[in-house]
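Dear colleague,

I am passing on the structure below, together with notes on what turned up when I went through it. Please read the notes alongside the coordinates.

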Amino acid sequence: MEGTVFTPSLEGIQHVKTPEGEMLTKPFLDVCKNILPVIEKFGAAMALVKSDIGGNITRLESKYSSNPTQFNFLYNMVKIEVETKTAKASSSCTNGLLWLTRAMDFLVELFRNLLEHKDWTMSQACSDSYSKTLKKWHGWLASSSFTVAMKLAPDRKKFMDVIGGTGDINGDIEKFCATFSPLLEENHKFLASVGLDNLKAS
């Protein structure tokens, strides 16, 4: 594998915004898609997260494909749903974007933990990032399924070897966290501006 599993995402992050600073739908979703192979390497521990992320990407992509011009900018999907009062529906694109962003927050936090806490096991790193990000939005059921899944986390060293490829894995993780975080932050800010950043799971 040329570079690391993060190489395609790092490449893609550069194209997510227009020169005017507008967030583009397709490039943003592609970056999220490029993270799926990383999640795959976690095996069973991340099966829930992976299907959740995959489902939300698919939902947003099919909306985009229905009218690429209208939905060229990511936030247009939300604005239209806010206008038609459908944003809070569980199958809305707004909901899809919110949970996709939260899942990405969890992953960024997890990768940060792997960089900063060399002595932590993978389960520790996962649990810590879960409690900092997704936990407060999850109901009891999701939370308990998640906690069980985290116990299946792979061996840390093996995982790092697998995702490392031929590149500088620590350097790439650092770059990924530093460049992707601000985009996620921007999604939250926008969702908060329309009063939709605090929806909880049932």
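In which helix is methionine 160 found? Methionine 160 is found in helix H8, where helices (H or I, at least four residues) and strands (E, at least two) are DSSP runs, numbered from the N terminus. At 13% relative accessibility, methionine 160 counts as buried, a term that stands for under 20% relative accessible area, with exposed meaning over 50% and partly exposed in between (1.4 Å probe, protein chains only). Methionine 160 and lysine 41 are 119 residues apart in sequence, and their C-alpha atoms are 9.5 Å apart in space.

Two points on the source should be kept in mind. This is a predicted model, in which local features need pLDDT of at least 70 and side-chain atom pairs count only at pLDDT 80 or more, while totals for chains, interfaces and linings use all residues. Residues are numbered from 1 along each chain as its sequence is written, and side-chain values use heavy atoms, with hydrogens and water left out.

On salt bridges, the structure holds nine, each being a side-chain nitrogen of Lys or Arg within 4 Å of a carboxyl oxygen of Asp or Glu. One of them is formed by lysine 17 and glutamate 186, whose closest N and O atoms are 2.7 Å apart. Because lysine 17 lies in the loop between helix H1 (7-13) and helix H2 (25-40) and glutamate 186 in helix H9 (residues 169-193), this pair ties together parts that are 169 residues apart in sequence. Lysine 17 counts as partly exposed at 31% relative accessibility, and glutamate 186 counts as partly exposed at 25%.

Helix H8 (residues 156-164) holds both aspartate 161 and lysine 157, four residues apart, or about one turn of the helix. These two form a salt bridge in which the closest N and O atoms are 2.7 Å apart, and lysine 157 is exposed, with a relative accessible area of 55%. Elsewhere, salt bridges that share partners join Glu109, Arg112, Asp128 and Lys132 into one network. Arginine 112 counts as partly exposed at 26% relative accessibility, whereas glutamate 109, at 16%, counts as buried.

Turning to the aromatic residues, the count comes to nine aromatic pairs, where rings of Phe, Tyr and Trp (its six-membered ring) pair if their centres lie within 6.5 Å, and planes under 30 degrees apart count as stacked, over 60 as edge-to-face and the rest as tilted. Tyrosine 75 and phenylalanine 190 form a stacked pair, 4.1 Å centre to centre with 5 degrees between the planes. The pair links distant parts of the chain, with tyrosine 75 in helix H4 (residues 74-83) and phenylalanine 190 in helix H9, 115 residues apart, and both residues are buried. Phenylalanine 106 and phenylalanine 146 form an edge-to-face pair, 5.5 Å centre to centre with 85 degrees between the planes. Here too distant parts of the chain are linked, phenylalanine 106 being in helix H5 and phenylalanine 146 in helix H7, 40 residues apart. Phenylalanine 106 counts as buried at 0% relative accessibility, and phenylalanine 146 is buried with a relative accessible area of 5%.

Finally, the largest pocket has a volume of about 460 Å³. A pocket here is an open set of points on a 1 Å grid over the protein atoms alone, where a 1.4 Å probe fits, with protein on both sides within 12 Å along at least five of seven lines, and lining residues have an atom within 4 Å of a point; the volume is the space filled by probe spheres set on the points, which are joined across faces, edges and corners. Of the 20 residues that line this largest pocket, the closest to its centre are Asp52, Trp99, His138, Ala142 and Ala201. Helix H3 (47-66), helix H5 (93-116) and helix H7 (140-150) are the elements that give two or more residues to the lining, and H3 gives the most, with six.

With best regards
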